Amino acid sequence: MKATALKPHRWLRRAAITVLSLLALLLLSWLAVPPIAKSQIQKIASAKLGRQVTLGGVEFNPFRLDMALNDVRIASADGSRPQLRVARIYVDAALQSVLRLAPVIDALAVESPAIELTRRADGSYDIDDILARLAAGPATPAGEPPKFALHNIVVSGGAFDFTDQRIERTHRLRELTLQVPFLSNLPSQREIRTEPKLAFVLNGSRFDSAAQATPFVASRKTDAQVNFKGLDLAPYLGYLPAGLPMQVRAGTLDADLKIDFERGESGGLKLSGSVTAHDAKLADARGGELLAFESLRLDLASVRPLEQHAHLSAVALVAPELAVARDAAGKLNLLAADPATGAIKNAAADAHPASTGTLKDPNKPGWHVQLDQIALQRGNITWHDATTRPAAQLTASQLELQARAVTWPMREPAHFNGAMALQGAQLKFTGQATDKEAELKAEVSALSLALAAPYLAQSLQPTLDGKLSGAIDVAWQPSGLRLKAPRLRVDGLALSQDKTALASIGQFELADTEVDMVRHTLAIGSLSASQPKVRVERDSDRRWMFER
(Lines give C-alpha, C1' and ligand atoms only; values in the text may rest on other atoms or scores of the structure.)
Protein backbone atom coordinates (compact mmCIF):
# COMPACT_ATOMS: atom_id res chain seq x y z
CA MET A 1 0.00 0.00 0.00
CA LYS A 2 2.85 2.36 0.87
CA ALA A 3 4.74 1.43 -2.31
CA THR A 4 1.68 2.32 -4.36
CA ALA A 5 1.38 5.72 -2.65
CA LEU A 6 5.00 6.56 -3.27
CA LYS A 7 4.80 6.14 -7.09
CA PRO A 8 2.98 9.45 -7.82
CA HIS A 9 5.45 11.29 -5.62
CA ARG A 10 8.35 9.65 -7.48
CA TRP A 11 6.96 10.79 -10.88
CA LEU A 12 6.28 14.22 -9.48
CA ARG A 13 9.86 14.52 -8.30
CA ARG A 14 11.14 13.36 -11.70
CA ALA A 15 8.93 15.92 -13.48
CA ALA A 16 10.09 18.69 -11.16
CA ILE A 17 13.73 17.71 -11.69
CA THR A 18 13.22 17.67 -15.46
CA VAL A 19 11.58 21.09 -15.46
CA LEU A 20 14.23 22.56 -13.20
CA SER A 21 16.98 21.01 -15.34
CA LEU A 22 15.37 22.43 -18.49
CA LEU A 23 15.05 25.86 -16.89
CA ALA A 24 18.67 25.68 -15.75
CA LEU A 25 19.72 24.67 -19.27
CA LEU A 26 17.75 27.53 -20.79
CA LEU A 27 19.22 29.96 -18.28
CA LEU A 28 22.70 28.66 -18.99
CA SER A 29 22.18 28.92 -22.73
CA TRP A 30 20.84 32.45 -22.32
CA LEU A 31 24.06 33.39 -20.55
CA ALA A 32 26.52 31.24 -22.50
CA VAL A 33 25.24 31.24 -26.11
CA PRO A 34 25.83 34.96 -26.91
CA PRO A 35 29.59 35.03 -26.16
CA ILE A 36 30.18 31.56 -27.64
CA ALA A 37 28.14 32.36 -30.75
CA LYS A 38 29.93 35.68 -31.21
CA SER A 39 33.36 34.06 -30.95
CA GLN A 40 32.55 31.14 -33.23
CA ILE A 41 30.76 33.21 -35.87
CA GLN A 42 33.66 35.65 -36.09
CA LYS A 43 36.22 32.81 -36.25
CA ILE A 44 34.43 30.61 -38.81
CA ALA A 45 33.25 33.46 -41.05
CA SER A 46 36.70 35.09 -41.08
CA ALA A 47 38.34 31.81 -42.07
CA LYS A 48 35.74 31.10 -44.73
CA LEU A 49 35.89 34.55 -46.38
CA GLY A 50 39.53 35.39 -45.80
CA ARG A 51 38.39 38.74 -44.40
CA GLN A 52 38.06 39.97 -40.84
CA VAL A 53 34.47 39.49 -39.67
CA THR A 54 33.37 41.19 -36.46
CA LEU A 55 30.17 41.34 -34.41
CA GLY A 56 29.25 44.09 -32.00
CA GLY A 57 27.17 41.69 -29.95
CA VAL A 58 24.82 38.69 -29.95
CA GLU A 59 21.41 38.49 -28.27
CA PHE A 60 19.71 35.15 -27.62
CA ASN A 61 16.39 34.37 -25.97
CA PRO A 62 15.95 30.59 -25.49
CA PHE A 63 12.37 30.99 -24.31
CA ARG A 64 11.30 32.52 -27.64
CA LEU A 65 14.02 30.93 -29.79
CA ASP A 66 15.06 34.26 -31.29
CA MET A 67 18.55 35.62 -31.91
CA ALA A 68 19.95 38.99 -32.99
CA LEU A 69 23.40 39.80 -34.40
CA ASN A 70 24.32 43.44 -33.85
CA ASP A 71 26.80 45.56 -35.82
CA VAL A 72 27.95 42.90 -38.28
CA ARG A 73 31.02 43.96 -40.28
CA ILE A 74 33.13 42.39 -43.02
CA ALA A 75 36.38 44.26 -43.65
CA SER A 76 37.85 45.18 -47.00
CA ALA A 77 40.80 43.20 -48.36
CA ASP A 78 43.34 45.61 -46.81
CA GLY A 79 41.36 45.88 -43.56
CA SER A 80 41.16 49.68 -43.78
CA ARG A 81 37.37 49.92 -43.83
CA PRO A 82 34.24 47.78 -43.55
CA GLN A 83 33.03 46.61 -46.96
CA LEU A 84 29.78 45.26 -45.50
CA ARG A 85 27.96 46.69 -42.50
CA VAL A 86 24.65 45.53 -41.06
CA ALA A 87 23.17 47.29 -38.04
CA ARG A 88 21.13 44.28 -36.92
CA ILE A 89 20.07 40.83 -38.11
CA TYR A 90 17.10 39.41 -36.21
CA VAL A 91 15.92 35.79 -36.53
CA ASP A 92 12.82 34.43 -34.79
CA ALA A 93 12.73 30.63 -35.08
CA ALA A 94 9.62 28.50 -34.53
CA LEU A 95 9.39 25.28 -32.49
CA GLN A 96 8.25 23.58 -35.69
CA SER A 97 11.90 23.66 -36.77
CA VAL A 98 12.54 20.78 -34.34
CA LEU A 99 9.51 18.79 -35.42
CA ARG A 100 10.14 19.22 -39.15
CA LEU A 101 13.95 18.92 -38.94
CA ALA A 102 14.05 22.03 -41.15
CA PRO A 103 14.31 25.74 -40.36
CA VAL A 104 10.95 27.40 -39.85
CA ILE A 105 11.49 31.11 -39.26
CA ASP A 106 8.65 33.29 -38.05
CA ALA A 107 10.53 36.52 -38.75
CA LEU A 108 13.78 37.56 -40.42
CA ALA A 109 14.76 41.23 -40.28
CA VAL A 110 17.90 42.82 -41.72
CA GLU A 111 18.32 46.44 -40.65
CA SER A 112 20.43 49.05 -42.45
CA PRO A 113 22.69 46.82 -44.56
CA ALA A 114 25.40 48.84 -46.36
CA ILE A 115 27.67 47.40 -49.06
CA GLU A 116 30.56 48.98 -50.97
CA LEU A 117 31.76 47.38 -54.20
CA THR A 118 34.47 48.57 -56.61
CA ARG A 119 35.32 47.54 -60.14
CA ARG A 120 38.95 48.36 -60.80
CA ALA A 121 40.33 49.89 -63.98
CA ASP A 122 41.56 46.45 -65.15
CA GLY A 123 38.02 45.01 -64.91
CA SER A 124 38.52 43.03 -61.69
CA TYR A 125 36.40 43.48 -58.56
CA ASP A 126 37.52 44.06 -55.00
CA ILE A 127 35.60 40.97 -53.84
CA ASP A 128 37.27 38.58 -56.30
CA ASP A 129 39.29 37.08 -53.42
CA ILE A 130 36.08 36.16 -51.57
CA LEU A 131 34.52 34.64 -54.68
CA ALA A 132 37.66 32.61 -55.34
CA ARG A 133 37.62 31.22 -51.78
CA LEU A 134 33.95 30.27 -51.98
CA ALA A 135 34.43 28.65 -55.40
CA ALA A 136 37.35 26.59 -54.08
CA GLY A 137 35.20 25.10 -51.32
CA PRO A 138 33.68 21.60 -51.41
CA ALA A 139 31.03 21.05 -54.07
CA THR A 140 27.42 20.88 -52.97
CA PRO A 141 26.25 17.27 -53.08
CA ALA A 142 23.55 16.43 -55.58
CA GLY A 143 20.05 15.88 -54.31
CA GLU A 144 16.92 17.72 -53.33
CA PRO A 145 17.35 21.29 -52.10
CA PRO A 146 17.04 21.73 -48.31
CA LYS A 147 13.56 22.37 -46.94
CA PHE A 148 12.77 25.66 -45.30
CA ALA A 149 10.00 28.11 -44.41
CA LEU A 150 10.68 31.82 -43.97
CA HIS A 151 8.02 34.24 -42.75
CA ASN A 152 8.02 38.04 -42.62
CA ILE A 153 11.33 38.71 -44.36
CA VAL A 154 12.12 42.41 -44.10
CA VAL A 155 15.17 44.31 -45.32
CA SER A 156 15.02 48.00 -44.42
CA GLY A 157 17.26 51.03 -44.78
CA GLY A 158 19.63 49.33 -47.21
CA ALA A 159 22.44 51.12 -49.07
CA PHE A 160 24.77 50.02 -51.87
CA ASP A 161 27.65 51.96 -53.44
CA PHE A 162 29.20 50.67 -56.67
CA THR A 163 32.33 52.51 -57.79
CA ASP A 164 33.34 51.80 -61.38
CA GLN A 165 36.89 52.99 -61.98
CA ARG A 166 36.75 52.01 -65.65
CA ILE A 167 34.22 54.72 -66.45
CA GLU A 168 34.98 56.87 -63.39
CA ARG A 169 31.46 56.79 -62.00
CA THR A 170 29.85 55.81 -58.69
CA HIS A 171 26.31 54.44 -58.51
CA ARG A 172 24.44 54.91 -55.24
CA LEU A 173 21.42 52.93 -54.10
CA ARG A 174 19.58 54.19 -51.03
CA GLU A 175 16.41 53.51 -49.03
CA LEU A 176 16.34 49.84 -50.01
CA THR A 177 13.20 48.14 -48.74
CA LEU A 178 12.42 44.48 -49.35
CA GLN A 179 9.39 42.76 -47.85
CA VAL A 180 8.57 39.10 -48.46
CA PRO A 181 5.90 37.88 -46.03
CA PHE A 182 6.47 34.21 -46.79
CA LEU A 183 8.73 31.88 -48.74
CA SER A 184 8.59 28.10 -48.30
CA ASN A 185 9.19 24.79 -50.02
CA LEU A 186 7.75 22.72 -47.17
CA PRO A 187 4.76 20.66 -48.44
CA SER A 188 2.37 21.97 -45.82
CA GLN A 189 3.04 25.57 -46.81
CA ARG A 190 2.92 25.34 -50.60
CA GLU A 191 -0.38 27.18 -51.02
CA ILE A 192 0.50 30.17 -48.83
CA ARG A 193 0.26 33.39 -50.85
CA THR A 194 2.93 36.08 -50.60
CA GLU A 195 2.83 39.80 -51.32
CA PRO A 196 6.46 40.89 -51.81
CA LYS A 197 7.56 44.50 -52.16
CA LEU A 198 10.77 46.05 -53.46
CA ALA A 199 11.58 49.76 -53.37
CA PHE A 200 14.74 51.85 -53.55
CA VAL A 201 16.26 55.08 -54.86
CA LEU A 202 18.98 54.54 -57.47
CA ASN A 203 21.12 57.53 -58.43
CA GLY A 204 18.29 59.83 -57.43
CA SER A 205 15.56 57.91 -59.32
CA ARG A 206 12.89 56.20 -57.23
CA PHE A 207 11.87 52.62 -57.98
CA ASP A 208 8.83 50.93 -56.46
CA SER A 209 7.11 47.61 -57.00
CA ALA A 210 4.60 45.27 -55.47
CA ALA A 211 3.72 41.69 -56.27
CA GLN A 212 1.61 38.72 -55.37
CA ALA A 213 3.05 35.26 -55.83
CA THR A 214 2.87 31.57 -55.01
CA PRO A 215 6.48 30.82 -55.98
CA PHE A 216 6.69 27.27 -54.67
CA VAL A 217 3.51 25.73 -56.04
CA ALA A 218 3.64 23.79 -59.28
CA SER A 219 2.50 26.71 -61.47
CA ARG A 220 4.84 29.24 -59.71
CA LYS A 221 2.36 31.99 -60.51
CA THR A 222 3.57 35.56 -59.95
CA ASP A 223 1.82 38.86 -60.58
CA ALA A 224 4.22 41.77 -60.14
CA GLN A 225 3.82 45.51 -60.62
CA VAL A 226 6.95 47.51 -61.45
CA ASN A 227 6.84 51.31 -61.40
CA PHE A 228 9.53 53.96 -61.67
CA LYS A 229 9.63 57.48 -63.04
CA GLY A 230 12.41 59.74 -64.28
CA LEU A 231 15.17 57.11 -64.27
CA ASP A 232 18.23 58.97 -65.58
CA LEU A 233 20.06 56.82 -68.16
CA ALA A 234 23.30 58.83 -68.06
CA PRO A 235 24.96 56.84 -65.22
CA TYR A 236 24.57 53.56 -67.14
CA LEU A 237 25.63 54.61 -70.64
CA GLY A 238 29.23 53.52 -70.10
CA TYR A 239 28.07 49.88 -69.95
CA LEU A 240 26.69 49.81 -73.51
CA PRO A 241 28.85 47.72 -75.88
CA ALA A 242 31.11 49.52 -78.34
CA GLY A 243 30.39 49.43 -82.07
CA LEU A 244 26.63 50.07 -81.90
CA PRO A 245 25.21 52.15 -84.78
CA MET A 246 23.73 54.50 -82.18
CA GLN A 247 25.26 55.76 -78.94
CA VAL A 248 22.81 56.92 -76.27
CA ARG A 249 23.99 60.21 -74.79
CA ALA A 250 21.07 61.27 -72.57
CA GLY A 251 17.51 60.41 -71.62
CA THR A 252 15.17 59.40 -68.82
CA LEU A 253 12.90 56.38 -68.52
CA ASP A 254 9.45 55.81 -67.01
CA ALA A 255 7.88 52.39 -66.58
CA ASP A 256 4.54 51.07 -65.39
CA LEU A 257 4.75 47.34 -66.00
CA LYS A 258 2.87 44.27 -64.91
CA ILE A 259 4.74 40.97 -64.95
CA ASP A 260 2.78 37.72 -65.00
CA PHE A 261 4.55 34.41 -64.72
CA GLU A 262 3.03 30.96 -64.54
CA ARG A 263 5.05 27.91 -65.40
CA GLY A 264 3.67 25.97 -68.33
CA GLU A 265 4.67 24.25 -71.54
CA SER A 266 5.33 27.56 -73.31
CA GLY A 267 7.09 29.36 -70.46
CA GLY A 268 4.25 31.61 -69.35
CA LEU A 269 6.16 34.89 -68.82
CA LYS A 270 4.09 37.91 -69.92
CA LEU A 271 4.76 41.64 -69.73
CA SER A 272 2.12 44.34 -70.10
CA GLY A 273 1.88 48.04 -69.34
CA SER A 274 3.90 50.94 -70.72
CA VAL A 275 7.49 52.15 -71.04
CA THR A 276 8.28 55.77 -71.94
CA ALA A 277 11.61 57.39 -72.79
CA HIS A 278 11.95 61.19 -72.48
CA ASP A 279 14.39 63.76 -73.85
CA ALA A 280 16.64 61.19 -75.50
CA LYS A 281 19.75 62.09 -77.46
CA LEU A 282 21.62 59.60 -79.62
CA ALA A 283 24.85 60.00 -81.55
CA ASP A 284 26.13 58.06 -84.54
CA ALA A 285 29.08 55.67 -84.40
CA ARG A 286 31.51 58.57 -84.84
CA GLY A 287 29.94 60.76 -82.17
CA GLY A 288 27.95 63.07 -84.45
CA GLU A 289 24.34 64.03 -83.77
CA LEU A 290 21.94 61.40 -85.08
CA LEU A 291 18.60 61.28 -83.27
CA ALA A 292 16.82 63.18 -80.53
CA PHE A 293 13.19 63.04 -79.48
CA GLU A 294 10.86 64.47 -76.89
CA SER A 295 9.23 61.17 -75.95
CA LEU A 296 8.82 57.59 -77.12
CA ARG A 297 6.02 55.57 -75.52
CA LEU A 298 5.48 51.84 -75.92
CA ASP A 299 2.14 50.40 -74.78
CA LEU A 300 2.59 46.68 -74.24
CA ALA A 301 -0.57 44.65 -74.66
CA SER A 302 1.18 41.29 -74.25
CA VAL A 303 4.90 40.61 -74.59
CA ARG A 304 5.90 36.96 -74.06
CA PRO A 305 9.68 36.81 -74.59
CA LEU A 306 9.99 33.08 -73.88
CA GLU A 307 7.52 32.45 -76.71
CA GLN A 308 9.07 35.13 -78.98
CA HIS A 309 5.78 36.99 -79.22
CA ALA A 310 5.29 40.75 -78.81
CA HIS A 311 1.96 42.55 -79.13
CA LEU A 312 2.14 46.33 -78.73
CA SER A 313 -1.13 48.23 -78.77
CA ALA A 314 0.53 51.58 -79.57
CA VAL A 315 3.89 53.18 -80.30
CA ALA A 316 3.99 56.99 -80.08
CA LEU A 317 7.05 59.06 -81.04
CA VAL A 318 6.88 62.81 -80.40
CA ALA A 319 9.17 65.47 -81.93
CA PRO A 320 11.95 63.28 -83.34
CA GLU A 321 14.98 65.03 -84.86
CA LEU A 322 16.83 62.69 -87.23
CA ALA A 323 20.07 63.75 -88.95
CA VAL A 324 21.06 61.35 -91.74
CA ALA A 325 24.40 61.93 -93.46
CA ARG A 326 26.54 60.27 -96.10
CA ASP A 327 30.25 61.03 -96.15
CA ALA A 328 32.44 61.54 -99.20
CA ALA A 329 33.19 57.80 -99.31
CA GLY A 330 29.47 57.04 -99.57
CA LYS A 331 29.01 55.56 -96.06
CA LEU A 332 25.92 56.36 -94.02
CA ASN A 333 26.08 57.42 -90.40
CA LEU A 334 23.39 54.83 -89.62
CA LEU A 335 25.93 52.00 -89.87
CA ALA A 336 27.74 50.50 -86.90
CA ALA A 337 31.41 51.16 -86.16
CA ASP A 338 34.19 48.67 -85.62
CA PRO A 339 34.81 48.59 -81.81
CA ALA A 340 38.58 48.29 -82.31
CA THR A 341 39.19 50.97 -84.96
CA GLY A 342 36.06 53.14 -84.75
CA ALA A 343 35.69 52.86 -88.53
CA ILE A 344 32.24 52.44 -90.04
CA LYS A 345 31.56 48.81 -90.90
CA ASN A 346 30.85 47.74 -94.46
CA ALA A 347 27.17 46.95 -94.69
CA ALA A 348 27.70 44.77 -97.75
CA ALA A 349 30.10 42.54 -95.84
CA ASP A 350 27.67 42.23 -92.96
CA ALA A 351 24.97 41.10 -95.36
CA HIS A 352 26.83 37.81 -95.95
CA PRO A 353 27.22 36.10 -92.58
CA ALA A 354 28.00 32.69 -94.09
CA SER A 355 31.71 33.20 -93.58
CA THR A 356 31.24 33.53 -89.81
CA GLY A 357 29.36 30.29 -89.50
CA THR A 358 26.37 31.98 -87.85
CA LEU A 359 23.70 31.47 -90.48
CA LYS A 360 20.19 31.53 -89.05
CA ASP A 361 18.37 28.24 -89.08
CA PRO A 362 15.45 28.73 -91.52
CA ASN A 363 13.45 26.05 -89.70
CA LYS A 364 13.76 27.76 -86.32
CA PRO A 365 10.73 29.95 -85.53
CA GLY A 366 11.52 33.62 -85.02
CA TRP A 367 9.83 36.51 -83.28
CA HIS A 368 6.24 37.39 -84.04
CA VAL A 369 5.58 41.11 -83.59
CA GLN A 370 2.24 42.91 -83.82
CA LEU A 371 1.89 46.70 -83.65
CA ASP A 372 -1.71 47.88 -83.64
CA GLN A 373 -0.92 51.56 -84.13
CA ILE A 374 2.16 53.73 -84.73
CA ALA A 375 2.00 57.50 -84.47
CA LEU A 376 4.78 59.99 -85.19
CA GLN A 377 4.23 63.68 -84.50
CA ARG A 378 6.20 66.85 -85.26
CA GLY A 379 9.14 65.07 -86.83
CA ASN A 380 12.12 66.65 -88.55
CA ILE A 381 14.62 64.89 -90.83
CA THR A 382 17.76 66.43 -92.30
CA TRP A 383 19.82 64.86 -95.09
CA HIS A 384 23.44 65.79 -95.86
CA ASP A 385 25.21 64.09 -98.78
CA ALA A 386 28.93 64.79 -99.19
CA THR A 387 29.24 62.62 -102.32
CA THR A 388 27.96 65.48 -104.50
CA ARG A 389 29.56 68.80 -105.40
CA PRO A 390 28.21 70.91 -103.91
CA ALA A 391 27.03 68.76 -101.00
CA ALA A 392 23.29 68.06 -101.08
CA GLN A 393 21.15 69.39 -98.22
CA LEU A 394 17.52 68.46 -97.63
CA THR A 395 15.15 69.13 -94.73
CA ALA A 396 11.78 67.51 -94.10
CA SER A 397 9.84 69.17 -91.27
CA GLN A 398 6.44 68.90 -89.59
CA LEU A 399 6.42 65.16 -90.32
CA GLU A 400 3.24 63.38 -89.29
CA LEU A 401 2.89 59.62 -89.76
CA GLN A 402 0.27 57.07 -88.76
CA ALA A 403 0.51 53.34 -89.42
CA ARG A 404 -1.88 50.53 -88.56
CA ALA A 405 -1.75 46.74 -88.32
CA VAL A 406 2.02 46.35 -88.61
CA THR A 407 3.13 42.74 -88.14
CA TRP A 408 6.28 40.72 -88.48
CA PRO A 409 6.44 38.45 -90.36
CA MET A 410 4.30 40.62 -92.66
CA ARG A 411 1.54 38.30 -93.80
CA GLU A 412 -0.80 41.26 -94.39
CA PRO A 413 0.12 44.74 -95.64
CA ALA A 414 0.47 47.57 -93.14
CA HIS A 415 -1.53 50.72 -93.95
CA PHE A 416 -0.03 54.17 -93.42
CA ASN A 417 -0.63 57.83 -94.17
CA GLY A 418 1.13 61.08 -93.37
CA ALA A 419 2.27 64.53 -94.40
CA MET A 420 5.36 66.74 -94.26
CA ALA A 421 6.85 70.03 -95.39
CA LEU A 422 9.79 69.53 -97.76
CA GLN A 423 11.87 72.68 -98.14
CA GLY A 424 8.69 74.75 -98.14
CA ALA A 425 6.67 72.32 -100.28
CA GLN A 426 3.74 70.35 -98.91
CA LEU A 427 3.68 66.58 -99.34
CA LYS A 428 0.84 64.23 -98.40
CA PHE A 429 0.93 60.48 -98.82
CA THR A 430 -1.01 57.30 -98.12
CA GLY A 431 -0.37 53.68 -98.92
CA GLN A 432 0.24 50.15 -97.80
CA ALA A 433 3.33 47.97 -97.67
CA THR A 434 4.83 44.63 -96.76
CA ASP A 435 8.46 43.56 -96.76
CA LYS A 436 8.02 42.38 -100.37
CA GLU A 437 5.93 45.09 -102.03
CA ALA A 438 4.55 48.56 -101.46
CA GLU A 439 2.02 50.98 -102.92
CA LEU A 440 2.14 54.73 -102.34
CA LYS A 441 -0.09 57.58 -103.45
CA ALA A 442 1.43 61.02 -102.96
CA GLU A 443 0.36 64.59 -103.62
CA VAL A 444 2.93 67.35 -103.75
CA SER A 445 2.52 71.11 -103.94
CA ALA A 446 5.25 73.55 -105.09
CA LEU A 447 8.25 71.27 -104.65
CA SER A 448 11.42 73.04 -105.78
CA LEU A 449 13.37 71.18 -108.48
CA ALA A 450 16.51 72.92 -107.22
CA LEU A 451 16.67 70.25 -104.52
CA ALA A 452 17.93 67.84 -107.18
CA ALA A 453 20.57 70.28 -108.48
CA PRO A 454 23.55 68.71 -106.66
CA TYR A 455 22.73 65.31 -108.18
CA LEU A 456 21.93 66.65 -111.69
CA ALA A 457 25.20 68.61 -111.65
CA GLN A 458 27.06 65.35 -112.17
CA SER A 459 25.61 65.03 -115.68
CA LEU A 460 24.05 68.42 -116.46
CA GLN A 461 26.04 71.64 -116.30
CA PRO A 462 23.14 74.12 -116.27
CA THR A 463 21.04 74.26 -113.13
CA LEU A 464 17.41 73.20 -113.08
CA ASP A 465 14.70 75.20 -111.36
CA GLY A 466 10.93 75.19 -111.07
CA LYS A 467 8.04 74.20 -108.80
CA LEU A 468 6.54 70.72 -109.09
CA SER A 469 2.92 69.99 -108.15
CA GLY A 470 0.65 67.03 -108.79
CA ALA A 471 -0.11 63.43 -107.88
CA ILE A 472 2.19 60.41 -108.16
CA ASP A 473 1.41 56.72 -107.63
CA VAL A 474 4.32 54.43 -106.81
CA ALA A 475 4.23 50.62 -106.94
CA TRP A 476 7.31 48.71 -105.81
CA GLN A 477 7.93 45.00 -106.18
CA PRO A 478 11.14 42.94 -106.16
CA SER A 479 10.99 42.87 -109.95
CA GLY A 480 11.16 46.66 -110.18
CA LEU A 481 9.48 50.04 -109.78
CA ARG A 482 6.44 51.47 -111.55
CA LEU A 483 5.42 55.13 -111.45
CA LYS A 484 2.11 56.63 -112.51
CA ALA A 485 1.40 60.33 -112.63
CA PRO A 486 -2.28 61.17 -113.29
CA ARG A 487 -1.25 64.80 -113.34
CA LEU A 488 2.02 66.69 -112.98
CA ARG A 489 2.68 70.37 -113.42
CA VAL A 490 5.91 72.35 -113.26
CA ASP A 491 5.66 76.10 -112.89
CA GLY A 492 8.60 78.26 -113.89
CA LEU A 493 10.69 75.43 -115.34
CA ALA A 494 14.09 76.87 -116.24
CA LEU A 495 17.66 75.94 -117.13
CA SER A 496 20.25 78.55 -116.23
CA GLN A 497 24.01 79.01 -116.35
CA ASP A 498 25.75 81.57 -114.17
CA LYS A 499 22.39 83.17 -113.39
CA THR A 500 21.62 83.46 -117.12
CA ALA A 501 18.44 81.73 -118.33
CA LEU A 502 19.19 79.33 -121.19
CA ALA A 503 15.70 77.86 -121.51
CA SER A 504 12.44 78.38 -119.68
CA ILE A 505 8.83 77.27 -119.87
CA GLY A 506 6.14 79.19 -118.04
CA GLN A 507 4.13 76.06 -117.31
CA PHE A 508 4.83 72.44 -118.20
CA GLU A 509 2.12 69.78 -117.73
CA LEU A 510 2.04 65.99 -118.02
CA ALA A 511 -1.08 63.83 -117.75
CA ASP A 512 -1.51 60.06 -117.47
CA THR A 513 2.21 59.41 -117.50
CA GLU A 514 3.60 55.95 -116.70
CA VAL A 515 7.20 54.88 -116.09
CA ASP A 516 7.82 51.10 -115.92
CA MET A 517 11.29 50.27 -114.64
CA VAL A 518 10.59 46.56 -115.18
CA ARG A 519 9.92 46.87 -118.90
CA HIS A 520 11.94 50.07 -119.30
CA THR A 521 9.04 51.88 -120.93
CA LEU A 522 7.70 55.44 -120.78
CA ALA A 523 4.16 56.36 -121.75
CA ILE A 524 2.80 59.93 -121.77
CA GLY A 525 -0.91 60.51 -122.16
CA SER A 526 -0.61 64.22 -122.93
CA LEU A 527 1.97 66.99 -122.71
CA SER A 528 1.57 70.73 -122.89
CA ALA A 529 3.85 73.73 -122.41
CA SER A 530 3.28 77.46 -122.36
CA GLN A 531 5.62 80.41 -122.90
CA PRO A 532 8.69 78.42 -124.01
CA LYS A 533 11.96 80.32 -124.36
CA VAL A 534 15.27 78.74 -125.48
CA ARG A 535 18.78 80.17 -125.73
CA VAL A 536 21.54 78.09 -127.35
CA GLU A 537 25.23 79.12 -127.45
CA ARG A 538 28.61 77.60 -128.21
CA ASP A 539 31.80 78.62 -126.49
CA SER A 540 35.16 79.39 -128.12
CA ASP A 541 36.01 75.71 -128.26
CA ARG A 542 32.87 75.11 -130.32
CA ARG A 543 31.20 73.19 -127.49
CA TRP A 544 27.52 73.45 -126.83
CA MET A 545 26.61 75.09 -123.55
CA PHE A 546 24.49 72.10 -122.60
CA GLU A 547 27.43 69.76 -122.90
CA ARG A 548 29.56 69.13 -119.88
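Predicted model: local features only at pLDDT ≥ 70, side-chain atom pairs only at ≥ 80, totals over all residues.
Residues are numbered from 1 along each chain as its sequence is written, and side-chain values use heavy atoms, with hydrogens and water left out.

**Overall make-up**

- The secondary structure comes to five helices and 24 strands, where helices (H or I, at least four residues) and strands (E, at least two) are DSSP runs numbered from the N terminus.
- Of the 548 residues in the chain, 30% are buried, a term that means under 20% relative accessible area, as against over 50% for exposed and in between for partly exposed (1.4 Å probe, protein chains only).
- Among the contacts with a separation of 6 or more, 51% are accounted for by residues 24 or more positions apart, and contact here means heavy atoms within 4.5 Å.

**Nonpolar cores**

- A nonpolar core is a set of buried Ala, Val, Leu, Ile, Met, Phe, Trp, Tyr and Cys residues joined through side-chain atoms within 4.5 Å.
- The largest such core has 46 residues, of which Phe228, Phe293, Leu312, Met420, Leu447 and Leu468 touch the most other members; strand β13 (residues 289-304) gives the most to this core, with five residues.
- A second, separate core has eight residues, including Leu55, Val72, Val86 and Val155.
- Beyond its neighbours within four places in sequence, phenylalanine 228 is in contact with Arg206, Phe207, Leu253, Asp254 and Ala255.

**Buried residues in strands**

- Asparagine 70, in strand β3 (residues 66-75), counts as buried because its relative accessibility is 18%.
- The side chain of asparagine 70 makes polar contacts with the side chains of glutamate 59 at 3.0 Å and arginine 88 at 3.5 Å; a polar contact is a pair of N or O atoms within 3.5 Å, and within protein one must be able to donate a hydrogen and the other to accept it, while residues adjacent in sequence count only if both atoms are side-chain atoms.
- Not counting residues up to four places away in sequence, asparagine 70 touches Leu55, Gly56, Gly57, Glu59, Ala87 and Arg88.
- Histidine 311 lies in strand β14 (residues 309-318) and counts as buried because its relative accessibility is 19%.
- The side chains of histidine 311 and aspartate 372 are joined by a polar contact of 2.9 Å, and residues touched by histidine 311, apart from those up to four places away in sequence, include Leu300, Val303 and Gln370.
- Alanine 283, placed in strand β12 (residues 269-283), counts as buried because its relative accessibility is 3%.
- Alanine 283 and alanine 250 are 33 residues apart in sequence and 9.8 Å apart in space, C-alpha to C-alpha.

**An exposed position**

- Leucine 522 lies in strand β24 (residues 521-534) and counts as exposed because its relative accessibility is 60%.
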